[in-house]
Amino acid sequence: MSGERILVAEDSPEVREFIADYVLKPAGYEVLVADDGAIAFRLAREKKPDLIIADWRMPNLDGLDLKRALTSHSINVPFILISGEATEEVIAQAALSNVSAFLRKPLKTDVLLKVVSYHLSQQRKSLPVADSTEKRVRELETLQSIGHALTSTLDLDQVLSRVVEAAVSLTDAEEGSLLLLDEYTHELVMRAARNFDDQFVRTFRLRSEDSLAGEVIRTGTPMLFGPNMPQKIKTSYLVRSLIYVPLRMQNRIFGVLGVDNRINARTFADTDVTTLNALADYAAIAIENARLYQHTNAERLKLEAILTHTGDGVIVVNDSNRIVLINAPARAVLNLDENHVAGKLVTDVIINQEVRDLLTHESAASPQKRTEIILDDNRVFNASLTSVPEVGRAVIMQDITHLKQLDRIKSEFVTTVSHDLRSPLTAILGYVGLLKRVGPINAQQDEFIKRIEISANAITTLITDLLDLGRIEAGFDTQKEPVSLARLAKHAADGLSPKAGLKGQKFVANIPESLPPVLGNAIRLRQMSANLIDNAIKYTPEGGTVTVNLLEADDQEIFTVSDTGIGIPLADQPYIFDKFYRAKGVPDTIQGTGLGLSIVKSIVENHGGRIWVDSKPNQGTTFTVVLPKYVEKKK
Ligand code: ADP
């Protein structure tokens, strides 16, 4: 191995230069030179060469005396004696002085190099391992590969026992242990050990305040105790020498790694502390990784268990519309037998159009967050979309079949009752109208008759609404034709603008003269527009503004009614389209049945459209209706 240091002791300048400059330096060795034995001896002590080449005959100290002097000072590096004379006596003396090799001058370059290299390599092998750089390099290599193996292990118990295993082997210790700090009790618990009694390990708990390991936790500095200072790891557990190093992650010390010798008197060196410290760095990362993984895995299993056992279907997709998770109920609803749909595109896996739309369409024109899915077996699911920050979106599907059935029964009942009430009501109104004609009526009686008429009319409106709703919901309004929504909306707006005028409201209608037709029922579409405009006027105080807009966008027409009125509290918004629902806080002076928006919604849905509300209390409300344009079927 080049780079090693060789001392050349030779009084002849020519020979000295030849060996140093022509043989050794070109071969990569570092060379020290001395022109007499005494200087050579001094240099050997000071500079610690790896090999010495010395002439036999030199001033002050000859070659053999130099060798003896070196031996007596425990400098036992290879020693090559060179001489012009090779008498038997010289050779015998050289052998007796333990000289590594004897070479006769004139020296041959290749022979000298071979001999030098041979003895240096022998020397490397024979060096006490503890002193050699090579040992250190080997240790570091081992450490690195242990570190690599550790940081790629995710099983916490395995990581912990491998760390202890590595600590014991790297420091040649008898025992090893790894103590972790219990966050709650502040005790140190032995989590892995080597060569300790099992029972001892299981029951090992130390108060961190009054133990050696605890001190390492507190101070964050390693501890090394030699044989002259026997220490107790725990009461009655005496060790002869010991190292403890802290396990640290981002300035937080969470444990201690230790090795000790109980019987063996071998003391640990500072290099052992350095090695153990380096191992502790790798160990801390590996432990933290494994802990995080364990934690994440536990959370994942918990979530999986919750999702599997919940009756609702859950589908989670990421921002690229790939399925992150789909639980068993959702798979059953969507008829997906395949268990491995995770990672696939929604459009490749889910056939149901409503769910696909809900999961994939997030465009402004479709901020829809809820849809109903009707399966072939008539089961109905309510699918609602929620955005999951940093994950994507989730759709939750609840079986609402029984609610739908109840709703239908209720509607049928209401329709029947309404129908049956209508005839007697008509009779009441008819006879009330006749009362004045059959005889004189005093002022008080006239007042009572008016009240009867107002109430009977209110009931009639209610009944008409109910019957309308029943008819629309039941799909009796199947007769549809291409109609101009622009014309119908304009009629509604024109009819109601005087009402806004009476309240001193500003009424703005931006309705184009003509727009492409929509396929629909003219009476119902006019009713829908009028209901929304009427509400806007009704729920907007005097002096406010009501704005009606109609515009086309791609294959849709967008109708909006905005007002600057009382608004709808956020908590009420999901329910305002339900029958008889009226928002909290509506002043008593504003009369209503809570049926108008149910009728509007039913009409819109019956026409393949969507409706939603944006509202802020005390600021105003906007209802948006989107209807598809009529597309003429090709014959
Ligand atoms: P109502 O007969 O009560 O007007 P609707 O079904 O038309 O019934 O409306 C349901 C509820 O929605 C109302 O009671 C009211 O609370 C709220 N609402 C509807 N339109 C508006 C609006 N433009 N501004 C404020 N609140 C409204």
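**Cavities**

The search used a 1 Å grid over the protein atoms alone, a cavity being a set of points where a 1.4 Å probe fits but cannot get out, and lining residues having an atom within 4 Å of a point. The largest cavity has a volume of about 70 Å³, taken as the space filled by probe spheres set on points joined across faces, edges and corners.

I note that this is a predicted model, in which local features need pLDDT of at least 70 and side-chain atom pairs count only at pLDDT 80 or more, while totals for chains, interfaces and linings use all residues. Residues are numbered from 1 along each chain as its sequence is written, and side-chain values use heavy atoms, with hydrogens and water left out.

I listed the lining of the largest cavity, which includes Lys-410, Val-414, Leu-466, Glu-473 and Phe-580. Helix 14 and helix 15 (443-473) each supply at least two of the lining residues; helices are DSSP runs of H or I with at least four residues, and strands are runs of E with at least two, numbered from the N terminus.

**Start of helix 14**

I looked up Thr-401, which lies in helix 14 (residues 401-435). Thr-401 is buried at a relative accessible area of 15%, where buried means under 20%, exposed over 50% and partly exposed in between (1.4 Å probe, protein chains only). Its side chain makes a polar contact of 2.4 Å with that of Asp-399. For a polar contact I required a pair of N or O atoms within 3.5 Å, one able to donate a hydrogen and the other to accept it, with residues adjacent in sequence counted only if both atoms are side-chain atoms.

**Helix 2**

I asked which residues of helix 2 (residues 37-47) are buried. They are Gly-37, Ala-40, Phe-41, Leu-43 and Ala-44. These residues lie on the same side of helix 2 because they cover an arc of only 165° around the axis, judged by the directions from the helix axis to the C-beta atoms. They pack against strand 1 (5-9), strand 2 (30-34), strand 3 (51-55) and helix 3 (63-72), with contact meaning heavy atoms within 4.5 Å. At the N-terminal end, Asp-36 caps helix 2 through a side-chain oxygen 2.9 Å from the backbone nitrogen of Ala-38.

**Backbone exceptions**

I recorded a cis peptide bond from Lys-105 to Pro-106, with omega near -5°. Asp-172 has a positive phi of about 60° and is exposed at 56% relative accessibility.

Definitions and conventions. On a 1 Å grid over the protein atoms alone, a cavity is a set of points where a 1.4 Å probe fits but cannot get out, and a pocket is an open set with protein on both sides within 12 Å along at least five of seven lines; lining residues have an atom within 4 Å of a point.
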